[in-house]
Amino acid sequence: MTIKKILSGLAVSLLILVAVVLVRTLMFSPVERPVESFESVEVDAERVSTHLSQAVQFQTISHQNPELRDDAQFQGFIDWMAQTYPEVHQQLTLTKFNDYTLLYQWQGSDPELEPILLSGHYDVVPVLPGTESDWQHPPFAGVVADDYIWGRGALDDKSAVIGLMEAVTLLIKQGHAPMRTILIAATHDEEVGSDHGASAIVDWLKAQNIRPLWSLDEGSFVLNGLIPGVSEPVASINVAEKGYLNLRLSVESEGGHSSMPKGYTAVGVLARAIDRLQSHPIPSGMAGVSGDMFDHLAPHMPFLHRMLFANKWLFAPLIDQQLSESAAGNAMMRTTIAPTMFSGSVKANILPIHATAVVNFRLHPKDTIESVVGHVQHVINDERVNIEVMRGDNASNVSNAKGVGFERIASVSQHVHGPVVVTPGLTIAATDSRRYQNVVQDSYRFNPMSIHKEDAAGFHGTNERLSIDNMVKATEFYFLLIQTAQ
Ligand SMILES: [Zn+2]
């Protein structure tokens with residue numbers, strides 16, 4: 001073959017490649033969703049915002065140390081619920097778990113239909129000591145000002161509990177009678193691990209042989225300007241949540257005086273292990289939930305991004321590299337590795353007899369505790385380093401992004417929030433849903449409120465707030481979701 005023939009062969013191959021890439025990009029179109037029509041809902045904005053404001057004023061704080069819990073605040077909140085929502089308390093059956101978690105059961109007319117479970121938590125995280133004065137309005141005053149309800153829990157997650165109660169009240173007043181049983185949970189210990197709230201509900205449901213078809217609990221939101229490259233609002237209905245793993249790495253050595261060290265000290269050996277770990281990330285997973293998410297989002301991105309995601313077969317390494325550069329992108333794609341604690345000798349001039357480090361991992365659904373420990377052993381490859389599991393929870397199951405529950409949530413969101421891009425997503429923190437998945441067929445994680453970057457900062461932080469418009473929309477959302485969940 002002549003050089004000329006080789007070159008022209010290469011040019012033809014290149015042209016074909018470019019054509020394939022372009023055609024795939026042009027055919028990479030947004031996921032179509034049918035537009036459903038719903039009846040209009042009259043929500044009293046003043047009523048719902050006053051109720052959220054009152055709810056915020058109960059200091060239902062979950063502390064890491066359970067002895068610090070102020071039981072009177074929790075009981076106060078429960079009493080307030082009974083006074084504020086008399087229709088709900090007359091029409092629905094209330095079961096309490098460990099004194100403070102509430103499960104309301106609205107009996108459906110058709111016993112053949114599996115129930116659905118809608119959930120929120122009313123406990124809140126503490127306000128970081130010393131930051132109280134940074135709040136524009138005191139965190140537990142429930143101030144309503146500038147079209148917002150301000151305070152701890154306004155966003156996470158009392159607004160969901162209040163939205164559900166308001167929606168059921170409206171439905172009862174309109175004479176709605178569900179065909180499918182509706183279960184509504186308000187849990188009290190989500191912020192400290194759900195050991196006595198959601199888990200007790202799950203045990204009870206199992207004992208009653210009740211297997212809800214799907215559940216909806218807190219998760220992501222309608223995100224505005226929070227997904228790089230997507231200008232439209234994005235409703236991220238999360239179908240899974242990451243797991244959690246703490247590994248303790250330790251090295252023993254002889255010790256002695258630091259004036260005569262021999263080779264690496266225990267601290268040195270451990271530092272080397274940590275360095276190897278950090279320079280060998282756990283491989284990303286563009287299959288499964290992460291890939292599914294980008295398949296939904298990328299068609300709404302600028303041409304170059306669309307081209308990359310439409311041709312993952314060719315550009316996967318490039319996508320991986322790009323996403324890994326941002327902390328959020330990296331956390332979406334893979335199990336993250338964060339060495340957080342490190343200790344060695346007690347004195348500067350004494351060689352350490354042991355050194356320990358703690359590494360925190362957030363497990364992607366594609367990995368397990370075993371596979372991560374295997375990766376750590378393989379990468380460190382040093383028998384002087386002892387590896388021990390301190391605490392671990394695998395990632396949740398991945399719920400069906402084409403399931404009936406997902407479709408309901410998506411459809412109602414699109415009606416309430418206007419044209420939004422719907423995508424399945426991944427929650428990177430732990431929620432009550434990881435308990436519910438033990439008894440529910442598909443669990444979804446989504447709050448029906450529309451948030452911007454400045455609202456997101458209030459999440460477990462300072463100046464938590466929710467707009468009145470969002471409180472109205474959340475009520476409308478739960479109303480339509482329950483009304484059409486037949
Ligand atoms: Zn929460």
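This is a predicted model: local features need pLDDT of at least 70, side-chain atom pairs count only at pLDDT 80 or more; totals for chains, interfaces and linings use all residues.
**Entry 1: the zinc ion**

I looked up the zinc ion. Its protein donors are His121 (NE2), Asp156 (OD), Glu218 (OE) and Glu218 (OE). They lie 1.9 to 2.7 Å from the ion. Then I checked the angles. The four donor atoms subtend 52 to 151 degrees around the zinc ion, so the arrangement is irregular.

His121 lies in strand β3 (residues 116-121), while Asp156 lies in the loop between β5 (148-150) and α5 (158-173). The pair therefore ties together parts that are 35 residues apart in sequence.

Are these two buried or exposed? I found His121 buried, with a relative accessible area of 0%. Asp156 is buried as well, at 3%. Both values fall under the 20% cut-off for buried.

**Entry 2: aromatic rings**

I searched the whole structure for aromatic pairs and got 14. One of them is Phe77 with Tyr122. This pair is stacked, at 4.4 Å centre to centre and 15 degrees between the planes. Phe77 sits in helix α3 (residues 71-84), and Tyr122 sits in the loop between β3 and β4 (144-145). So the pair ties together parts that are 45 residues apart in sequence. Both Phe77 and Tyr122 are buried.

I also looked at Tyr148 and Trp150. They form a tilted pair, 6.0 Å centre to centre with 55 degrees between the planes. Trp150 is buried, with a relative accessible area of 2%.

**Entry 3: charges over rings**

I turned to arginines over rings. Arg69 lies over the face of Phe74, at 5.6 Å from the ring centre. Elsewhere I found the charged end of Arg391 over the ring of Tyr244, 4.3 Å from its centre.

**Entry 4: helix α6**

How many of the ten residues of α6 are buried? I read off seven, so I wrote down that helix α6 (residues 198-207) is mostly covered. The buried ones are Ala198, Ser199, Ala200, Ile201, Val202, Trp204 and Leu205. I then looked for what they pack against. Their partners are β1 (93-97), β2 (101-106), β6 (182-187) and α14 (433-436). Just after α6 comes Asn209, which takes a positive phi of about 60 degrees.

**Entry 5: domains**

I checked the domain assignment of the chain. Domain 1 is made of 45-218 + 431-483, and domain 2 is 243-393. Taken over C-alpha atoms, their centres are separated by 35 Å.

**Entry 6: Thr427**

Where is Thr427 found? I located Thr427 in strand β15 (residues 421-427). At 9% relative accessibility, Thr427 counts as buried. I left aside its neighbours within four places in sequence and looked up its contacts. They are Gly219, Asn238, Ala240, Glu241, Lys242 and Arg445.

Key. Residues are numbered from 1 along each chain as its sequence is written. Side-chain values use heavy atoms; hydrogens and water are left out. Donors are N, O and S atoms within 2.8 Å of the metal (3.2 Å for Na, K and Ca); water is not among the atoms, so sites may look incomplete. Four donors count as tetrahedral if all angles lie between 85 and 135 degrees; four count as square planar and six as octahedral if opposite donors are over 155 degrees apart and all others between 65 and 115; anything else is irregular. Helices (H or I, at least four residues) and strands (E, at least two) are DSSP runs, numbered from the N terminus. Buried means under 20% relative accessible area, exposed over 50%, partly exposed in between (1.4 Å probe, protein chains only). Rings of Phe, Tyr and Trp (its six-membered ring) pair if their centres lie within 6.5 Å; planes under 30 degrees apart count as stacked, over 60 as edge-to-face and the rest as tilted. A charge sits over a ring if NZ of Lys or CZ of Arg is within 6 Å of the ring centre and within 35 degrees of the ring normal. Contact means heavy atoms within 4.5 Å. Domain bounds come from an automatic or database domain assignment.
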